[in-house]
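Colleague: Could you walk me through this model? I have the coordinates open and would like to go through them with you.

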Amino acid sequence: MDETLEQFTRTTIEMHGSIGAEWLRGLPGIISDVERRWSLKVHPPFGHLSYNYVAPAVRSDGTPAVLKVGFSNRELETEIAALRVFDGQGIVRLLDADSDQGSLLLERLKPGTPLSDLNDDAKATSIAARLMCQLWRPAPEGHLFPSVADWASGLGKLRQRFDGTTGPLPHRLVEEAESRFAELISSMGASVLLHGDLHHGNILSAERQPWLAIDPKGVVGEPAYEVGALLRNIAPQLALESQPGRILARRVYQLAEELGFDRERLRSWALAQAVLSAWWSLEDHGRGWEWAISCAELLSQIEV
């Protein structure tokens, strides 16, 4: 087994235990089934698999596509639903899907270079801001998307796990995140359907338009919530910067200006989300929370 599949296997079992291991054993059968039903030829997977199996494919008419298969859960269901609502506007097109099986057939974006490869951070921020404006739209009636309040409520599990304490996460920042979430949610403006994870790695170069988003989570809340993921990425590059706080501050000011949002509100959402992201990493993997907490600390120091 190559390194890509080894990491994917470890992550799946880490997340889902013995049920995940059983699902992995059935994955070749799922791929064979979608090849037959959707008239595809599926090639070896892309590198750097994380939570889902993602591979290039070719349809019977020669059209390139991408097959994405994941452990079937609510997150995949909301991704499928979000892609249907967004309908290719600023985002990859959904060509087919089987939510019960956890399979998605997607438009292949070429050349597919991630926005993280763009060296001009200000330009990358503007590209992301333009995509945000293309995506946002009212959620349909009767939708099943989670709300930002639903996501924020997950932070309460942190204290449950650590007997009322915040475990390895700094108490001050957790309290600040809890307070900011409460204030922001109670004063939210009109809600729309958001991507929910629109960072540099989820924006790819394309032919249909210069840049398109991929991998939406699908969450409902005010538009200002969307900037959090972008502000705390790209982790490796930002972590190596001598003054990452200056980059975060510039992004806050730039996004506030280009999107017409209040700077303090953007900063507050981003700080609270950074702490929530740290908790998600701790909850799912028991590690990997440090960078998100570093971003929360940096965001707390920005003067707006």
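Modeller: Gladly! Helices (H or I, at least four residues) and strands (E, at least two) are DSSP runs, numbered from the N terminus. This is a predicted model, where local features need pLDDT of at least 70, side-chain atom pairs count only at pLDDT 80 or more, and totals for chains, interfaces and linings use all residues. Residues are numbered from 1 along each chain as its sequence is written, and side-chain values use heavy atoms, with hydrogens and water left out.

Colleague: Thanks! Which residue just after α9 takes a positive phi, and of what value?

Modeller: Helix α9 covers residues 244–259. Just after α9 comes G260, with a positive phi of about 75°.

Colleague: What distance separates the end C-alpha atoms of α9?

Modeller: The expected span of a helix is 1.5 Å times one less than its number of residues. For the 16 residues of α9 that rule gives 22 Å, and the model agrees, because the end C-alpha atoms are 22 Å apart.

Colleague: And which residues of α9 are buried?

Modeller: Buried means under 20% relative accessible area, exposed over 50%, and partly exposed in between (1.4 Å probe, protein chains only). In α9 the buried residues are P244, I247, L248, A249, R251, V252, Q254, L255, A256 and L259.

Colleague: Let's step back to the whole chain. What radius of gyration does the protein chain have?

Modeller: The radius is taken over C-alpha atoms, and the globule rule is 2.2 Å times the number of residues to the power 0.38. The secondary structure comes to eleven helices and nine strands, and the C-alpha trace spans about 55 × 45 × 45 Å along its principal axes. With 304 residues, a compact globule would have a radius near 19 Å, and the chain agrees at 19 Å.

Colleague: What share of the contacts with a separation of 6 or more comes from residues 24 or more positions apart?

Modeller: Contact means heavy atoms within 4.5 Å. Among contacts in the protein chain with a separation of 6 or more, residues 24 or more positions apart account for 70%.

Colleague: Which residues is L169 in contact with, beyond its neighbours within four places in sequence?

Modeller: L169 is one of the core residues that touch the most other members. With those neighbours left aside, L169 is in contact with L158, V174, V275, A278, W279, L282, W289 and I293.

Colleague: Which residue caps the N-terminal end of α10?

Modeller: A polar contact is a pair of N or O atoms within 3.5 Å; within protein, one must be able to donate a hydrogen and the other to accept it, and residues adjacent in sequence count only if both atoms are side-chain atoms. At this end, a side-chain oxygen lies 3.1 Å from the backbone nitrogen of E264, and the capping residue is D262.

Colleague: Which side chain makes a polar contact with the side chain of S268?

Modeller: S268 sits in helix α10 and counts as buried, at 7% relative accessibility. At 2.4 Å, the polar partner of its side chain is the side chain of R180.

Colleague: Where is the cis peptide bond?

Modeller: Look in the loop between β5 (103–107) and α3 (121–135), where P111 is placed. With omega about 5°, the cis bond joins K110 and P111.

Colleague: Last one: is D163 buried or exposed?

Modeller: D163 lies in the loop between α5 (156–161) and α6 (171–186), and has a positive phi of about 55° although it is not a glycine. Its relative accessible area is 74%, so D163 is exposed.

Terms used. Core = buried A, V, L, I, M, F, W, Y, C linked by side-chain atoms within 4.5 Å.
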